[in-house]
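Visitor: I would like to go through this model term by term. Please set each value against its cut-off.

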Amino acid sequence: MTAYDTIAEGYAALNATSLLNEYYNRPALAELAGDVAGRRVLDVGCGSGPILADLRDRGAIVTGVDSSAGMLDQARARLGSDIDLRVADLAEPLPFEDDTFDDVIASQVLHYLKDWGPSLAEIHRILKPGGRLIVSEEHPSAIFFSDRLSGGDREYFGIHERTEEWTLGDQTATLRFWDRPLHAMTDAFAAAGFLISAISEPALAPEAFDRFPEIRKHESGRFLAFILFVLEAR
């Protein structure tokens with residue numbers, strides 16, 4: 001059982017209404033993905049399936065994998081039983097043939113890995129030549145500033161372990177993350193054979209300002225949270 005099996009139902013409910021996921025990450029990923037009609041798309045770490053739902057609604061042929069069977073149960077409840085959903089750990093070889101997918105989405109999942117190299121190599125293997133990997137990650141500057149504002153003294157450079165305890169409803173799980181600076185991200189992409197074609201520090205979806213009026217205190221209506229990449233498999 002994974003940590004997310006313990007909090008699957010509560011986490012799915014939280015994602016459905018949260019500022020960062022519903023009004024920030026999802027629309028930013030959809031914008032970067034563009035026209036996906038007819039494309040075979042894999043979501044690694046698909047969780048409860050909100051991104052898969054967006055892709056399917058726009059005509060993609062979708063597959064999802066996640067290490068948590070509980071999260072996949074939430075995805076099936078959302079998407080129906082005809083979606084190809086499989087339990088798979090991104091730290092292990094993926095259960096797909098070479099050159100299978102046009103696009104792979106990796107949204108807020110790579111930070112669970114200490115070493116990105118083997119996982120990025122696997123994603124490159126299952127992508128068709130010229131296929132895209134679209135990555136969403138916590139912005140390394142946001143992690144650094146958050147640590148300093150909370151009284152920490154961890155340096156920006158290097159790869160650092162971070163643990164958090166999440167309580168959702170009456171269930172608690174301890175999650176482990178690996179934070180890394182921007183250059184470590186881009187070096188890993190290059191080493192795996194990817195070319196960066198876009199980097200995004202996204203704005204909120206317009207409807208976020210009605211749902212969360214307090215964010216208007218920022219003149220730009222923007223804040224530092226995630227960074228997104230579109231990568232081409234060379």
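Guide: Start with Q108. Its relative accessible area is 15%, so Q108 is buried. Buried means under 20%, exposed over 50%, and partly exposed in between, with a 1.4 Å probe and protein chains only.

Visitor: What should I know about the model and its numbering?

Guide: This is a predicted model: local features need pLDDT of at least 70, side-chain atom pairs count only at pLDDT 80 or more, and totals for chains, interfaces and linings use all residues. Residues are numbered from 1 along each chain as its sequence is written, and side-chain values use heavy atoms, leaving out hydrogens and water.

Visitor: Where is Q108 found?

Guide: Q108 sits in the loop between strand 4 and helix 5. Helices (H or I, at least four residues) and strands (E, at least two) are DSSP runs, numbered from the N terminus. The protein has eight helices and nine strands.

Visitor: Why is D99 called partly exposed?

Guide: D99 has 43% relative accessibility, so it counts as partly exposed. D99 lies in the loop between strand 3 (84-87) and strand 4. Phi of D99 is also positive, near 55°.

Visitor: How do you know which face the buried residues of helix 5 line?

Guide: In helix 5 (residues 117-126), the buried residues are S119, L120, E122, I123 and I126. Down the axis they fall within an arc of 155°, so they line one face of the helix. The arc is that of the directions from the helix axis to the C-beta atoms. An α-helix has 3.6 residues a turn, so residues three or four places apart point the same way.

Visitor: What do the buried residues of helix 5 pack against?

Guide: They pack against strand 1 (40-44), strand 4 (101-107), strand 5 (127-138), helix 7 (182-191) and strand 8 (194-200). Contact means heavy atoms within 4.5 Å.

Visitor: What makes the protein agree with a compact globule?

Guide: With 234 residues, a compact globule would have a radius of gyration near 17 Å; the protein has 17 Å, so the two agree. The radius is taken over C-alpha atoms, and the globule rule is 2.2 Å times the number of residues to the power 0.38. The C-alpha trace spans about 45 × 40 × 35 Å along its principal axes.

Visitor: How much of the protein counts as buried?

Guide: Of the 234 residues, 49% count as buried.
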